[in-house]
Amino acid sequence: MTQPAVKKISTINDELDLKLFFYIAKRNILFPVIFIILSLAGAWLYLRYTPPIYQTSAILQLGSQNEVSRILPTANIYDDDMAKQIELMRSSVFLQRALSKLPIQITYFSKGRVLNSELYRNAPFSVNVEVKNTSIYGVPIYVDFISRDNIVLSFGLKGEDIKRDVHINGFTSLPEMDIQIEIQNFNIIKEQQNVFSRNSYFFILNNPDNLVPAYSRDIKINVLNAAAKTIQIGYQGTNAQKASDIVNVIAEEFSIYDLEKKAESANNILAFIDQQLEMLFEKLSDSEIKLEQFKKEHGIDEVTLTPLPTLQGRMADLESQVVDLQMEYSIFTEIERSLDVEDDIDIFRLIAILAGSEFSGVVSRMLQTLQDLLIEREQLLYEVTPESNQINSLNHQISIQKRMLIESISTLKNNLDNRMSEINEKVKSYEDFLMQQGGRYSLIEYSMLQRVHSINERFYNQLVEKKAEYSISKAGYVSQSILLEKSRVPGQPILPKPKGIYVSSLIAALFFGIGIFLLKYLFYNEIPSLHDILKYTSVPVIGVIPRYKSEIPPNQLLVLKKPKSLISEALRAIRTNLQFINNDEGPKLVAVTSTISGEGKTFFAMNLAGILAFSNKKVIVIDLDMRKPKIHLGFNVENIKGVSTILSNIDTIDDCIQSSKVKNLEFITAGPVPPNPSELILTPRMDEMINYLKEKYDYVIVDNPPVGIVTDGMKSILMSDYPIYIFKANYSKRMFIENVNRLFSESQINKLSVVLNAVDSEYSSYGYDKGYSYGYYYGGYGSGYGYYDDQVHGTKKGFWKKLLGIVRRK
């Protein structure tokens, strides 16, 4: 007889079984409860020990106005590009200036029960310090106010604990610093020290070089409306008042800084013009003196000068062109010098110098590109070190841009030199022509002196005009940056948010709890119910025994103590179902086995024997598990003699038969553990014993060793009329069903049947085992009517029962 094809047994649950999932969830409900408790406790600790973060912001409208721009072209030297103004606001130079207006060079703290509090602008004492040893920066310095006049400072430096005495009046010179401490409110200090400790105050000296990097990372400047030129300045910090002050000082200081920056550009241009005027003034004075001396020496007067040829007018025009070219040349020379010698290039000043130049457009664009690279490098230095690859790359680009700019200026200067040379050659040709007139040498020489004087005079006058234009432009500039919304001190922190933290913690706890359920469900390899057995084998199941709620007593014969219990009724159903396996007349041999120890085969064998004995059948139970005998424990007798002594021909069968408290039920214990139980079972004496007992009893029940561990019980199983294989719910592994399939198909044990032991009644009530095979213990009549001894009256269904009941009905 071959076994019909059944589903392959998997080591994991590859099907969705809601009933099993909810059953596992109920058994492991403690996990999410623990997770929830731990997560809520963790959230409470996090909120307790995390300093609050405050956020504040201000809105600034950028803009500038220069009324002179309508009149003078030089009024447009200032760049009001919004993106560049924002980058200027983010620059370390500006932030250093703005933050220097706030009292953040020294940070004051007071100890709390949980967190330390920063005393920004409200410390009961103040500190003035001149640092001698820079290692003191960033080190907490604790202040112990012994009295109004005596203070002790405590701090750790280079692994050494240091204490220094400081007096109130004046500076105290210490090896690390010169310090002066002034007390504003001694009463508050004493109250604080009485509550906590004498070192309840401390302060930290902040390194000035690290202030901008420390605060700039939390300063956010964003464009709100590009068309309206409005920006939002935001800051996040642990002190609400400080956050508000930082935002406001940046907004207010920028208007002043922007105006000063643009005034600085105009001042640089005016300084350059003054320098040129000073040089030209000396040349102009010298040429004028020489001209007057020449007139006196040669007796030249206005009448003498009248007949000069009109060619002198042409020479004057050419000389005017030379003056303009010299002006251009001097501008390019100044730019070239700045690029060569200045590391911090003032691009605004160079662009302003170029104003009105014939080549201003080309050079201005190149200067602007250089300015963009310099700004990008400055921003990147906040994030990386000067030796990083990004900075090296930008330095290389800046070097290339400067070289291109210098080469372009050099080319323009060469072009100017060529043009001036051509003009000078024309002037010289005119002079040569005048020299050839003869007799008029003095007039020609006078004409040359006059020309030099005119050039210097014209150049001087142009510079004076430029100076006047830039002075007017400087005076006409007015900053139009408006603080539309001033920062207010935030009342509530933005982080941490208690509600969000608790909700997130609860969700995380539930997630992990459900994750435990899913993992346990996925890798749940036990047999929870009859459903799994029926799914993986076609061997008939003759019964299901419910789990005994209490601890099983040493005397395992429960059917004697509770004949009306659910277990007793389940065994009666099994007794009835045995007739469908084999209903022939005569005595019957029942062989009980399992895969491993602990699945309840001995318990089943004893109590099945008791049920059969109650029906007036003569029954004997044999303990064939000679390696791990248990029958003598169940009947509470000694194991002095038994199967091992019978098979060894030491005792007779009748000498080893013992009576129980149940009428018609007798038993034979396993006897002393022999060294060779397998060999004893295979002897003819084993067959003789079985045959002899079948002649005396209606049922011979053999408690065999587990066949999944040893093969001792195979002989009695092959001989038996009722071979029964025991599984224990939520204990036996799903793979154990393979043993049943092999016995049925390979060993040709066609009468083999299965009993599922210790089934959880709650799980069974979900619908798997209820009413299976001819009316089991909790199906049919009697259910819900208090018929059985161990049925609880009036109990209400719990949440999981109700939920699983709904799922089952659906």
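Phe202 is buried, at 6% relative accessible area (buried is under 20%, exposed over 50%, partly exposed in between, with a 1.4 Å probe and protein chains only). This is a predicted model, so local features need pLDDT of at least 70 and side-chain atom pairs count only at pLDDT 80 or more, while totals for chains, interfaces and linings use all residues. Residues are numbered from 1 along each chain as its sequence is written, and side-chain values use heavy atoms, leaving out hydrogens and water.

Rings of Phe, Tyr and Trp (its six-membered ring) pair when their centres lie within 6.5 Å; planes under 30 degrees apart are stacked, over 60 edge-to-face and the rest tilted. That rule gives 17 aromatic pairs. In one of them, Tyr142 and Phe202 are tilted, with 5.0 Å between centres and 45° between planes. Tyr142 sits in strand S6 (residues 141-145) and Phe202 in strand S11 (residues 201-205), 60 residues apart; strands are DSSP E runs of at least two residues and helices H or I runs of at least four, numbered from the N terminus.

Tyr108, Phe125, Phe145, Tyr201 and Phe203 make up one aromatic cluster.

A charge counts as over a ring when NZ of Lys or CZ of Arg is within 6 Å of the ring centre and within 35 degrees of the ring normal. Lys618 has its charged end over the ring of Tyr697, 5.4 Å from the centre. Lys728 does likewise with Tyr731, at 5.1 Å from the ring centre.

## H17 against H18

Helix H17 (residues 566-581) packs on helix H18 (residues 601-614) at about 75°, with axes 9 Å apart. The two are therefore roughly perpendicular (65 to 115 degrees; under 35 is roughly parallel, over 145 roughly antiparallel, the rest oblique). H17 brings residues including Ile567, Leu571 and Arg575, and H18 brings Phe603, Asn607 and Ile611 among them; contact means heavy atoms within 4.5 Å.

Ser753 belongs to strand S23 (residues 753-759) and is buried at 1%. Leaving out residues up to four places away in sequence, Ser753 touches Val539, Pro540, Ile542, Ile581, Pro723, Ile724 and Tyr725.

Asn525 is in the loop between helix H14 (498-522) and helix H15 (530-536), and at 18% counts as buried. Asn525 and Tyr731 are 206 residues apart in sequence, yet 9.0 Å apart C-alpha to C-alpha.

Note on methods:
Axes are lines fitted to C-alpha atoms, for helices over the stretch in contact, and angles run from 0 to 180 degrees between N-to-C directions.
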